[in-house]
Each structure stands twice: as C-alpha cells, then as structure tokens.
Amino acid sequence: MSAVLHPALLGALTTHGDPLYNHGVGWFVWVVVVIKVLVAFAVLLVSVMLMIWFERKLISDMQSRIGPNRAGPWGMLQTMADGIKLFFKEDLVPDQADRFVFKLAPYLSLVPALLIFTVVPVGGIVTLDGHAFELQVADPPIGILLVLAMSSIAVYGVMLAGWSSGSKYPLLGSVRASAQMISYEAALGISVVTVVLITGSLSTRAMVESQATNFWDWNLIRLGFVPFFLFFTAITAELTRPPFDLTEAESELVGGYHTEYSSIRFALFFLAEFMNVITMSAIVVTLFLGGPDGPVPHLPSFSIWFPIVWFLAKVMIFLFVYVWLRAALPRLRYDQLMTLGWKYLIPISLGWLMIVAGFVVAGWWGIGIAVGTVIAAGLLLRAFTIGRERVNADEAVLPPLGRRPQSPERPTAGGA
Amino acid sequence: MGLADDVKQELKFLGGFKLTFEHLTRPRVTRQYPDEKKPKQPRQHGRHVLNRYEDGMEKCIGCELCAGVCPADCIYVRGLDNPPDHPVSPGERYGYVYEINYLRCIHCDLCVEACPTEAITESKLFEFSFTNRADAIYTKRELVVDDEGRPQHLPWEDWRPGDDQHTSGWMRATAPGGQAAYEGEVQWSGELGYGVRRPEGGQSGRRDDQATGTLALREVLEAHLLDEDIPLAHRGMRGRIWRAQVSAERHRRKFEATRRRLAEARAVRRRNKSGGGA
C-alpha cells in the first residue's frame, strides 16, 4: 500500500508540500485526506449559508432596516429556508436553450469555487498520531496557478450560462461578464506575480510561511500596499460584486446571465457566487495578510486553534468589506469599468511589478528601476492629461465624446 | 483646476462608506408590522362610522348629501320618515338604508365634509382583510357605533386596544369655512360615549397633544429626523432634556396605571375570597 502514487508525482509532492506524504501513502493518509476534503466541503457550504445571512443582515443594518429575522435565531436559517424553497421549485429549461450546456453551466461555476479553497492554508501544521500534516486540503507546488486557472474556468460557467439560455438578457449579461472578467484577470495575475516574485515559490503554503512571525513581513506591507489594492479591486471585479456587478445589473439586465435559471440550478449559481466571495477573501488573506499568521500564546493545547482563529478573523474583515462596498458604492457604467481596468489597474500593476522585480533582483539598486518607473509613469500621466485637455479644448476639431461640462459661452450644437 | 482638486473630487465617493457605517448605529426604521404598529396620523382617513348623539339617537337624517358628493359613488342611502312613537333620529327623517362599498371608497372624506349633522366621520381603522365582496359592503348594522359609542369590531378587521380612539380628527381640526379665527372652536355636537370631543389645534400652537393623541406620533417622527429638520427646542441637549421629561412623565403614568390595575385586581380577589368564604 506504500507506493500507490506514481513515483514522479510522489516526488513532486514530497519535495515541497504536505508532510503528510513524507512516509508514503498508507491508510492513515487516505483517512486524513478524505476527512480534510469532507470538512472543507462542509465548512464551505455552511459558511456560504452564514455569509448570505451575514450580508443580508449587515446591509440592512447599513440601511437602517432589520433584515431577515423570521427563520431561526436572528434569521440565521433564512438561507436554508430559501434553499429548501428553491430545491422544490420547478426546474425549467427554456425551449431555445442548448440543453446540455444549460445544465452544465452551473457546475462549471460551482466546482471552481470549491476547488480554489483547497489550496488555502487555513492553519499551521498539525501532528496527529506521529503524522504531521498541513491544515489545508491540498498543497500543490503550483498552488496559486490553480487559483488563476480556476477563476478563469469560472468565466466559462458564466459565459456558457448566458449563451446557452437562448435569450437576450442572459446573453448580454454573459458578454459583459466575460469581457469584465478577462480584463481584470490581467491586473489580477500581475499583482499575483509580485507576490510570487517576493516569495520565490508558487505554493500558497510557502507564501504564508514567508510572511510569518512579523506583521511587517506581510505582503501587504512588504510589497507597499499597491498590489494589495490592485488585487482586491481585480477580484472584486472578478467576483462581479458591487460596484462591478454589471453582469447581473438588475435594473438593466433583469438577472444577468442567470435570468433563465430557476430552481436548484439557480441556487447553484447563487451558491457559487457567495462561495467565491469567501474563497477569494481567503486568497487575499493568504497572499497579502499572512494567512493564519498572528501572535500565538504559549498554550500547548490551544496552539493549533489560534492560527485558525486568526485566519477566520482576517477573512471576516474582507467579508465585511465586501458587504460594505455593496452598501456604499453605486454600480459603475460599462465604459467606466473598462477604463478602470485597462487604463489604470493594468499600467499601475505593470509598473509596480517592475519596481518589485528591481528590488528583488538587484537589492537597493532597485531604487534605480523604481525612479525610472515613476518617471515613466509621470510622463504617461502628463501625456494623458494633455490628450484629455486637447479633446476637451475649444479648438478641438472633432466634437468631443462622452460627458463633459458645457461651457456657458459656447452655444450648443442644436441652438446654433 | 489642479491635480489635488481632481483627486479630492475623485475621492468624494468615500463619503458613502462613512454614511453607511454611521447607519449601523442609527435606530432601525423597520416596524414589525402586524406585531407592532406605528401610531396613526391624527387625521387619518380610515373606515367610516355613523355617530350617535349622547342620548343614543342616531345623527344621520337620511339627507343623502354624502351619497351625492361621493366621487367614487360608493355610498347608498335611503331616508325614511321617523316613526312617531319611537324615533331613530331627533329630526323628521332618518337613514333607513346606509351602505358603503369599501372596494370603491377612496377615503377622500368629502362625505364627512358634506354631512350637516356630523353623522358620518372617518375613524382611523383601515386594516381589513375581507375574503368576499359582500363583506366589503358595510351596511348600517356595521357602520353605526355601538352603545358605548365605539365602532363595531368586525371579524375581518385588525384592531388593537385604543385603535378606535382619537377618531374623526379631520372634522375636529378643520375650522368651518376655512376661517382661521374659528380654529380650535367647537362647532360640533357631542357623541355617544365621548361627549363633545376636544378640538385639535392647528398651527397656532394652541394644541392639546394629550387629548388628541398626537404626541407619541411627533416623538416617533423626530427620532428618525436629521438634526437640522428638528425644531430648535427639541434639538441637542435641550431636546434631550425635553425627551427625558416626556418619557419620565409617560413612565410615571404607565407605572401609576399598572399600580392601579394591580390594586383593583387585588381588591377583586379579596372580594371574591371573602364572598366565597361567606
């Protein structure tokens, strides 16, 4: 039973990864793996339930309302009640729909949401019966690449859902969604690369370990805040959370890509959406806030739990922020969204990547690269400003596009 | 416009975060409606009642002015000569048939204005859930107040104790002919069970909140207003003291009422016990 795995795969796992596999794969390993998977699955589902409740409750607090308060204590079982209701609703497949793809799409968005969480380190290393293992479902050497890959696959779920519905609004929603997700994936990937550069590894566990012990070693501070904000903005867009929720803009597109879905398939989309919020918060915490890192008091029997509590506390902050964003910000217009993504986030993340790379490669000589990048950015900004002034100036040959204040002395085109 | 101003302009959206965060501490505006009701507006237009004089005679004289003025055409009245031996109203005629269809009524209160004897007024009751159309047509049997002068509680109406009080506020708030000099002047006759109702003050400040039941409402409204929308006297520390005084007074009254009720209950128990022993 010792050599079930292929030697190469085993080697890849043992060089840098979960110490669980250090002594071959016996029944104990199988049990631990199965338990980890089951626990992660159950915890995710329950936390999605609580997250929906938390969001509804918090946003109603922010709007001076009460929110759900009927099912269970403080309405905590409201989500379960909604889920049960959805489960028993009629499952409709539109006549025009591509039936196979229509049924496949919800799973394409749910499964990546589940898989992303597998690489998140939830706690430290635990020793049980002489076997040490990590508190994370899997620790592949390509950790963060899995996250990027899965978040890209989630785009297919959204896109295919809209396309296969055979209806206009879902199609518009999914076109917006795929454009938005692909645009923001660039900034997302580049800000992840800064983390990878400073860690020197793709493994999420290695990233967490490199940020351990001191909070000023957290990537949030080490990388100078900017990649954190870029990453956070990018994943907010990736999650299609407000203020980037154009894909399901209720006032414009009915429900967006899931307009034609009902019953349990609709519930799956909903589940995936909120699960993504949780997993992406966990990913931010892992990449930039040291994951489960935090002061652990010397209490032998509790030392396992403290990192988990730290991790959950940090994730909670982000969940709060997501709800807060939804309460505070109006939805962006589509062109504003694209402007933010392509004209701001991507250049800034590229520039910052240059700076970080300079410091990583050349130590303090990296200041040279930093100065160069800042000068280049300044030149670019100046170029943009001049360009904008020329477009808006009176002597502009072409009538300016977009919204701009009309000068009072200039008659409008219609009045002339 | 410089870059700093641009940035300042761009960062204005942060105000939304501040506002939403502040709202976490503000009182909730939601009411748990069927369990807990808002105080009703003093001049709310609810369903009608047909009033009676203090001696029990009906006020309605069957003149059909209300039916004539009704824009929704929901009132049906037929008058009849009073039987000489047992008159229903103290006049020549009385309302023999009186029906209001509440699927048509728009609660405009024109009938109340038209009525020469204040026979028809509107109560504050509006929470009905009838399950058939026949129930929606209130006949004279349902509209006339009972022997205590209170509206009749029909099975499909949702009432709480005290909901039927402070009714016909519209009539009592309006000066005849719109003459400001008549504000607060009693121009109406007494009602069975209540006597002559107190006038409701207009904007002159000569109002009796206690008697007309508008105090609780104004307090509730003020709790949800921003500072600048509240009268100066009720704002800030002065307002806090005022509210404290008002609530202390209310608690004192509640306490007194409870004590009185308990004392009564005790007396009743004692009487029963002594009665049972004897």
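User: How many other C-beta atoms does partly exposed Glu64(B) have within 10 Å?

Analyst: Bear in mind that this is a predicted model. The residue sits in the loop between β1 (48-50) and α3 (65-69) of chain B. A residue needs 20 or more such neighbours to be buried and 12 or fewer to be exposed. Glu64(B) falls in the partly exposed class because its count of other C-beta atoms within 10 Å is 16.

User: Which loop holds His107(B)?

Analyst: His107(B) is another non-glycine residue with a positive phi, about 55° here. It counts as partly exposed, so its 17 C-beta neighbours inside 10 Å don't make it buried. Its place in chain B is the loop between β3 (93-101) and α4 (110-114).

User: What is the omega of the peptide bond from Pro242(A) to Pro243(A)?

Analyst: Over in chain A, Pro243(A) belongs to the loop between α9 (226-238) and α10 (250-253). Most peptide bonds are trans. The one from Pro242(A) to Pro243(A) is cis, and its omega is near 5°.

User: How are α4(A) and α11(A) oriented: roughly parallel or oblique to each other?

Analyst: Two packed helices are described by the angle between their axes and the distance between the axes. For α4 (residues 99-117) and α11 (residues 263-288) of chain A, that's an angle of about 25° with the axes 8 Å apart. The crossing of α4(A) and α11(A) is left-handed. Angles under 35 degrees take the first of your two labels, so α4(A) and α11(A) come out as roughly parallel.

User: How many residues in the contact of α4(A) with α11(A) are nonpolar?

Analyst: The α4(A) side includes Pro106(A), Leu110(A) and Phe117(A), and the α11(A) side includes Phe269(A), Met275(A) and Ile283(A). By class, the contact has 3 polar residues and 1 charged, and the nonpolar count is 13.

User: Where in α4(A) does the kink of about 25° lie?

Analyst: The buried residues of α4(A) include Phe102(A), Ala105(A), Pro106(A) and Leu108(A). Among the elements covering the buried residues of α4(A) are α2, α5 (143-164) and α11 of chain A. The kink comes shortly before the proline Pro106(A), at Ala105(A).

User: How are α2(A) and α12(A) arranged: roughly parallel or oblique to each other?

Analyst: Their axes are 10 Å apart, and the packing angle is about 45°. α2(A) passes α12(A) in a right-handed crossing. Roughly parallel would need an angle under 35 degrees, so α2(A) and α12(A) count as oblique.

User: How many charged residues are there in the contact of α2(A) with α12(A)?

Analyst: From α2(A), Met51(A), Phe54(A), Glu55(A), Leu58(A), Ile59(A) and Met62(A) take part. They meet Leu319(A), Val323(A), Arg326(A) and Ala327(A) of α12(A). The tally is 8 nonpolar and no polar residues, with a charged count of 2.

User: Which helix supplies the largest share of the side of chain A that touches chain B?

Analyst: The interface pairs 10 residues of chain A with 10 residues of chain B. On chain A, α2 (27-62) and α12 (305-328) each supply at least two residues of that side. The largest share is 3 residues, and it comes from α12(A).

User: How far apart are the C-alpha atoms of Leu86(A) and Phe266(A)?

Analyst: Leu86(A) lies in helix α3 (residues 78-87) of chain A. Beyond its neighbours within four places in sequence, Leu86(A) contacts Ser263(A), Ile264(A), Phe266(A) and Ala267(A). Leu86(A) and Phe266(A) are 180 residues apart along the chain, yet their C-alpha atoms are separated by 8.0 Å.

User: What percentage of the 416 residues in chain A are buried?

Analyst: Chain A has 14 helices and 2 strands. Of its contacts with a separation of 6 or more, 74% join residues 24 or more positions apart. As for buried residues, the share in chain A is 39%.

User: And what percentage of the 278 residues of chain B count as buried?

Analyst: Chain B has 10 helices and 5 strands. Residues 24 or more positions apart make up 67% of its contacts with a separation of 6 or more. The buried share of chain B is 21%.

Methods. Residues are numbered from 1 along each chain as its sequence is written. Chains are lettered from A and ligands numbered from 1 in the order in which they are written. This is a predicted model: local features need pLDDT of at least 70, side-chain atom pairs count only at pLDDT 80 or more; totals for chains, interfaces and linings use all residues. Two residues are in contact if their C-beta atoms, placed from the backbone, lie within 7 Å. Helices (H or I, at least four residues) and strands (E, at least two) are DSSP runs, numbered from the N terminus. Axes are lines fitted to C-alpha atoms, for helices over the stretch in contact, and angles run from 0 to 180 degrees between N-to-C directions. Angles under 35 degrees count as roughly parallel, over 145 as roughly antiparallel, 65 to 115 as roughly perpendicular and the rest as oblique. A crossing is left-handed if the near helix is turned anticlockwise from the far one by less than a right angle, and right-handed if clockwise. Ala, Val, Leu, Ile, Met, Phe, Trp, Tyr, Cys and Pro count as nonpolar, Asp, Glu, Lys and Arg as charged, and the others, Gly among them, as polar. The bend at a residue is the angle between axes fitted to the seven residues ending there and the seven starting there.
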